[in-house]
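I opened this structure to look up a few things and keep the notes in one place. The entries follow the order in which I checked them.

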Amino acid sequence: MTNSLFAAALASARPLALVPAAALALAATDASACATCGCSLSTDAATGYPTRPGWNMSLQFDDIDQRQLRHGGHAVSTADVAAINDAGGDQEVEHDTVNRYTTLGIGWMPDEDWGLRLLLPWVDRGHSTYAAATNPVTDDQLSTARIKGLGDIRLIATWQGLLEDHALGLQLGLKLPTGRYGGANADGSGVVGRKPVAFQHGPLSANDSPDNLVDTSLQPGTGSTDIILGAYYHRPVSTRFEGFVSATFQAAVANRLHGAGQDFRVGNTTFVSFGARWEVTPTLLPQVQVNISHKGADQGALADNPDSEGTVVYISPGLTGTMGEHWQAFGFVQLPVASHLVGYQLAPRWTASAGLSYAF
């Protein structure tokens, strides 16, 4: 494929550099104690990789409704999990976690090689749990919390100057501990972190502090500074099809929750995505992605170690549209097709993402 065809394919898609909020919003920040609650969609691929210098702004909404309990690669019932406690175990029996993330992105490209983006997520999470309930599980055992606030912001630098056609991009970024974080220390004698959220209704809300606090892994932030490493490659495979592959890795490098009995380190996360875009018209591009996410187990005295590790594979169909010279929008649905989750975790049957961007 010649460079001229490559340029024509990108021009027809009008890439406006909508920030990759979803691809970079790893489970480490927008997640509870699970491997499935972060959105793994590659938003860069959804909207076209940026080549136009200048400023852009974007707004993205992700809806991840986790209502299905899973263990390994299979769904399990509430009674199955409660049966562990019937036999003398101490297993939390979760009911649901509804995650809604709204992310404001501000991007700047001084030239075609370099880009810088700031991602500011707002977390709106509803969580309910029966705690360590036994059978039969009843509604009066249910405790609920509404967790709202600024999440952990990200600053991402992108360089795509290695190849003349800018088809290869490298990313380096930081996630900062701007969201509320923390919880009860290991012996239940005090609160650690910054303004952790408590349950508002149900039996757990009636407990004295800190026994009324939501788990550390469900708070809007993690209390850690993380490094983010990423790479992507894209190219046309015909005059109407463009393929891509991308990978992102995130790991905590500094933790504000540390020390005996009050430490927490969120598990490392890796996302790998590949797929293709099809140019139906110059302004309408259907796309399908395969998104693979892996999250390592959280560590520390405040971690829910058995129930925070896993791998999930999604098939993600969607549509991207260009509206005039400056506006672009997209919508995608993610459908989990395979998973292996350690412990007992809430997982979504599907997730949805939509976004809108404006290039100056």
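**Entry 1. Confidence**

I began with pLDDT, since this is a predicted model. Helix α2 (residues 21-24) has the lowest confidence in the protein chain, with a mean of 35. Strand β5 (residues 143-150) has the highest, at 98. Over residues 1-32 the pLDDT stays under 50. The model still has 128 contacts beyond four places in sequence for residues 1-32. Where pLDDT is low, predicted coordinates should not be read in detail, so I left those contacts alone.

**Entry 2. Overall make-up**

I counted four helices and 15 strands in the protein chain. Of its 360 residues, 52% are buried. I then looked at contacts with a separation of 6 or more: 70% of them are between residues 24 or more positions apart.

**Entry 3. Largest pocket**

Which residues lie closest to the centre of the largest pocket? I first took its volume, which is about 730 Å³. The lining has 28 residues, and Glu92, Leu213, Val214, Asp215 and Asp304 are the closest to the centre. By type, the lining divides into 13 nonpolar, nine polar and six charged residues. Strands β4 (114-129) and β8 (181-184) each supply at least two lining residues. The most comes from β8, with three residues.

**Entry 4. Aromatic rings**

How many aromatic pairs does a search of the whole structure find? I got seven. I wrote out the pair of tyrosine 358 and phenylalanine 360: the ring centres are 5.1 Å apart and the planes stand at 85 degrees, so this pair is edge-to-face. The cut-off for that label is over 60 degrees. Ring pairs also link Trp327, Tyr358 and Phe360 into a cluster.

Tyrosine 358 has a relative accessible area of 24%, so I put it down as partly exposed. Phenylalanine 360 is exposed, at 52% relative accessibility; the cut-off for exposed is over 50%.

**Entry 5. Histidine 340**

I found histidine 340 in strand β15 (residues 327-359). Is histidine 340 buried or exposed? Its relative accessible area is 52%, so histidine 340 is exposed. Leaving aside neighbours within four places in sequence, histidine 340 is in contact with Gly72, Gly73, Glu309, Gly310 and Thr311. I also looked up arginine 70, which is 270 residues from histidine 340 along the chain; their C-alpha atoms are separated by 8.8 Å.

**Entry 6. Asparagine 85**

Asparagine 85 lies in helix α4 (residues 78-86). Its relative accessible area is 7%, so asparagine 85 is buried; the cut-off is under 20%. Leaving aside neighbours within four places in sequence, I listed its contacts as Asp90, Gln91, Val93, Ala132, Ala133 and Thr134.

**Entry 7. Cis peptide bonds**

I noted a cis peptide bond joining asparagine 135 and proline 136, with omega at about -5 degrees. Proline 136 is in the loop between β4 and β5. Another cis peptide bond joins serine 209 and proline 210, with omega at about 10 degrees. I placed proline 210 in the loop between β9 (191-194) and β10 (224-236).

**Entry 8. Positive phi**

Where does histidine 166 lie? I found it in the loop between β6 (154-159) and β7 (168-175). Histidine 166 is not a glycine, yet it has a positive phi of about 60 degrees. With a relative accessible area of 12%, histidine 166 is buried.

Lysine 195 also has a positive phi, about 50 degrees, and is not a glycine. Lysine 195 lies in the loop between β9 and β10, where I had already placed proline 210. At 63% relative accessibility, lysine 195 is exposed, whereas histidine 166 is buried.

Conventions. Residues are numbered from 1 along each chain as its sequence is written. This is a predicted model: local features need pLDDT of at least 70, side-chain atom pairs count only at pLDDT 80 or more; totals for chains, interfaces and linings use all residues. Side-chain values use heavy atoms; hydrogens and water are left out. Rings of Phe, Tyr and Trp (its six-membered ring) pair if their centres lie within 6.5 Å; planes under 30 degrees apart count as stacked, over 60 as edge-to-face and the rest as tilted. Buried means under 20% relative accessible area, exposed over 50%, partly exposed in between (1.4 Å probe, protein chains only). On a 1 Å grid over the protein atoms alone, a cavity is a set of points where a 1.4 Å probe fits but cannot get out, and a pocket is an open set with protein on both sides within 12 Å along at least five of seven lines; lining residues have an atom within 4 Å of a point. Grid points are joined across faces, edges and corners, and a volume is the space filled by probe spheres set on the points. Ala, Val, Leu, Ile, Met, Phe, Trp, Tyr, Cys and Pro count as nonpolar, Asp, Glu, Lys and Arg as charged, and the others, Gly among them, as polar. pLDDT is the predictor's confidence in each residue, from 0 to 100. Contact means heavy atoms within 4.5 Å.
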